[in-house]
Amino acid sequence: MVEQLGEQLLAAGVATATEVDAAAPGGVGSGTRFARALVMAKLAEDALAGFFVSRGAGPLADGDLLRSAPPEVSGLLPGEMARSLQTLPIALEGEALVVAMLDPWDAHALEELTRMTGRPILARVARHGELVRAIEDRHPLTNRARRAPPSEEPVLEL
């Protein structure tokens with residue numbers, strides 16, 4: 001998209017200037033990090049997803065669709081990359097990989113997905129919370145990664 005996502009959300013009345021500024025201090029942003037920051041700045045997930053759907057960025061991949069993705073398809077992308085790009089492969093359509101995304105216009109994410117999988121990508125819109133839960137279900141962190149650091153400070157002997 002020629003205009004940045006933040007500018008389009010402002011023009012459509014989906015986000016306020018305060019939300020955009022909170023998500024991208026110093027300028028109007030774009031991409032997955034910006035979309036994630038908008039949600040963290042309290043922009044409603046439905047509003048962001050609805051914006052993308054209304055702009056033709058693909059149909060909504062709801063939680064049921066995300067949970068029903070075949071493991072052999074969702075496993076085409078490593079968990080760390082799925083978390084980083086906020087994306088989850090959900091189906092194959094011919095040679096193309098159908099991928100649920102927080103920001104289906106994120107050119108960097110789309111390029112990385114194509115590079116990693118060797119397939120053309122068909123983006124679908126996903127709500128942030130449902131997408132995060134589905135990624136975690138498909139790519140759980142190991143117990144070691146989940147374990148919190150010890151709360152006790154080490155004892156130093158002098």
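Of the contacts in the protein chain with a separation of 6 or more, 66% are between residues 24 or more positions apart, where contact means heavy atoms within 4.5 Å. The model is predicted, and local features need pLDDT of at least 70, side-chain atom pairs count only at pLDDT 80 or more, and totals for chains, interfaces and linings use all residues. Residues are numbered from 1 along each chain as its sequence is written, and side-chain values use heavy atoms, with hydrogens and water left out.

The protein chain holds ten helices and three strands; helices (H or I, at least four residues) and strands (E, at least two) are DSSP runs numbered from the N terminus. Read from the N terminus, the elements follow the order α-α-α-α-α-α-α-β-β-α-β-α-α. Of the 158 residues in the protein chain, 41% are buried. Here buried means under 20% relative accessible area, exposed means over 50%, and partly exposed lies in between (1.4 Å probe, protein chains only).

Three strands make up an open sheet with mixed pairing, in the order E1-E2-E3; two strands pair if DSSP finds at least two bridges between them. E1 and E3 are at the edges and have a single partner strand each, so one side of each is left without a neighbour in the sheet. From one strand to the next, the twist averages 30 degrees. Helix H9 (residues 128-138) packs on this sheet, where it touches E1 and E2, and its direction makes about 80 degrees with that of E1. Such angles run from 0 to 180 degrees between N-to-C directions, with axes being lines fitted to C-alpha atoms, for helices over the stretch in contact.

Strand E1 (residues 87-93) runs antiparallel to E2, and six bridges join the two. They form a hairpin with two residues between them, and Gly-94 in the turn has a positive phi of about 65 degrees. On the other pairing, E2 and strand E3 (residues 121-125) are parallel, with five bridges. Two residues of E2 illustrate both pairings. Ala-100 in E2 stands opposite Leu-88, and its bridge partner in E3 is Arg-124. Val-99 in E2 stands opposite Pro-89, while its bridge partner in E3 is Ala-123.

Strand E2 (residues 96-101) has six of its six residues buried, so it is largely enclosed by the rest of the structure. In a regular strand, side chains alternate between the two faces of the sheet. Both faces of E2 are covered, with buried Ala-96, Val-98 and Ala-100 on one side and buried Leu-97, Val-99 and Met-101 on the other.

Attention now turns to the helices. Helix H1 (residues 5-12) and helix H4 (residues 45-54) have axes that come within 12 Å and cross at roughly 95 degrees. H1 is therefore roughly perpendicular to H4, given that angles under 35 degrees count as roughly parallel, over 145 as roughly antiparallel, 65 to 115 as roughly perpendicular and the rest as oblique. On the H1 side, Leu-5, Gln-8, Leu-9 and Ala-12 meet Leu-48, Phe-51 and Phe-52 of H4. By class, this contact of H1 with H4 comprises six nonpolar, one polar and no charged residues.

Ala-44 lies in the loop between helix H3 (32-40) and H4, and it counts as partly exposed at 44% relative accessibility. Ala-44 and Val-14, 30 residues apart in sequence, are 9.0 Å apart in space, C-alpha to C-alpha. Leu-60 belongs to the loop between H4 and helix H5 (63-67); at 33% relative accessibility, Leu-60 is likewise partly exposed. Beyond its neighbours within four places in sequence, Leu-60 contacts Ala-49, Val-53, Val-125, Ala-126 and Arg-127. The C-alpha atoms of Leu-60 and Arg-127 are separated by 8.2 Å, although the two are 67 residues apart along the chain.

Definitions and conventions. Ala, Val, Leu, Ile, Met, Phe, Trp, Tyr, Cys and Pro count as nonpolar, Asp, Glu, Lys and Arg as charged, and the others, Gly among them, as polar.
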